[in-house]
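User: Please take a close look at one part of this model. I'd like to know which way its residues face and what lies around them.

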Amino acid sequence: MRVAVFLGGSSAERDVSLASGREVIAALRSCGHDVVAVDPARGVLDDAEEARLSAEVAALPPAEAGASGPPLGDLLEHEAVRSADLVFVALHGGAGEDGRLQAALDLAGIRYTGSGPLGCGLAMDKDIAKRLMRSAGVPTAEWLMAPADPALVAERLGYPVIVKASKQGSTVGLSLVRAPEGLEEAVRLGFRHDDEVMIERYVPGRELTVGVVGEEALPTGEIISRHEIFDYECKYQPGMADEVFPADLAPNIAAEAERLALLTHRALKLGGYSRVDFRLDAQEGLWCLEANTAPGMTSASLLPKAGRAAGMSFPELCDRICRLAIAPGTSSA
């Protein structure tokens with residue numbers, strides 16, 4: 001099939017998206033698909049521009065968003081996009097993950113991978129997502145939305161707390177705050193990245209993740225980070241985290257994580273594929289952190305590692321994601 005891979009974009013996660021898109025393109029071509037690269041911040045890429053795509057991700061997100069690029073309506077009318085059988089959305093954050101691009105693709109009648117605009121919007125807004133998780137019976141840590149009085153935070157949540165931009169991914173704008181005097185600065189940082197900031201009870205413990213492809217939960221993985229939280233640097237710099245698939249867990253805990261991941265995927269009305277992250281506390285309680293509708297898609301990313309643990313190579317995973325977009329009931333590549 002002919003696939004237009006959307007990558008890059010203008011969000012704070014641009015570098016990660018370029019790395020994801022570069023590897024998705026290679027994987028799909030290895031499966032025999034005809035692929036074109038499209039950067040909403042630049043337009044349709046020619047061969048020379050595509051060859052310059054980097055797999056490197058800096059230790060910190062870019063200080064400024066990328067260029068805005070051509071109007072989205074014009075881009076979707078480009079022959080390279082209109083002639084494609086589908087768009088593979090390898091964008092992370094911003095308009096590529098919050099549902100705006102998906103709504104435009106729906107209006108243009110263009111098929112695409114992953115969740116629709118409603119699911120993307122629900123998952124991206126962490127406040128709404130946590131409310132839906134609770135309604136579905138998925139445990140998630142107590143939270144408040146900023147601004148909040150430090151005394152109320154201490155009473156309701158206790159310290160330490162996690163402060164994060166409510167509609168960002170890759171831990172952009174996230175801080176671990178150990179005492180009330182650090183709250184104001186952390187909230188200020190969060191507001192630099194978003195118009196809403198969440199203050200969440202910190203759950204110490206093991207970091208787990210479960211990929212979902214179609215209606216199948218992939219094997220649970222564990223992230224062992226060099227930092228206390230799995231932050232941007234640990235996610236994208238070599239040697240900063242060990243990612244173990246399948247995780248060394250009692251079978252009942254792994255099964256429960258996978259059940260809760262599927263429950264979260266359905267509660268947030270997600271489609272195609274996602275990745276759901278958890279903390280496992282000292283009492284073996286699972287707490288859902290968030291769901292990602294456009295998880296990293298380099299061959300070293302978490303979802304591809306979960307796919308390999310389930311017996312799928314990276315090209316097979318990318319191919320299956322495409323086929324789910326064409327025929328949602330498809331269960332294998």
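Analyst: A residue is buried under 20% relative accessible area, exposed over 50%, and partly exposed in between (1.4 Å probe, protein chains only). The model is predicted, so local features need pLDDT of at least 70, side-chain atom pairs count only at pLDDT 80 or more, and totals for chains, interfaces and linings use all residues. Numbering starts from 1 along each chain as its sequence is written, and side-chain values use heavy atoms, without hydrogens or water.

Let's take helix H5, residues 100-108. (Helices are DSSP runs of H or I, at least four residues; strands are runs of E, at least two; both are numbered from the N terminus.) Leu101, Gln102, Ala104 and Leu105 are its buried residues. Looking down the axis of H5, they fall within an arc of 160° (taken from the axis to the C-beta atoms), so they line one face of the helix. Turn to the face away from that buried side: Arg100 and Leu107 are exposed there.

What does the buried side of H5 pack against? Its partners are strand E1 (2-6), helix H3 (72-77), strand E4 (86-89) and helix H6 (117-124). Contact here means heavy atoms within 4.5 Å. Just after H5 comes glycine 109, with a positive phi of about 70°.

Now follow one partner, H6. H6 packs with helix H7 (residues 126-136) at an angle of about 95°, their axes 5 Å apart. That makes H6 roughly perpendicular to H7 (65 to 115 degrees). From H6, Leu122, Ala123 and Met124 make the contact. H7 brings Lys126, Ile128, Ala129 and Leu132.

How values were computed: Axes are lines fitted to C-alpha atoms, for helices over the stretch in contact, and angles run from 0 to 180 degrees between N-to-C directions. Angles under 35 degrees count as roughly parallel, over 145 as roughly antiparallel, 65 to 115 as roughly perpendicular and the rest as oblique.
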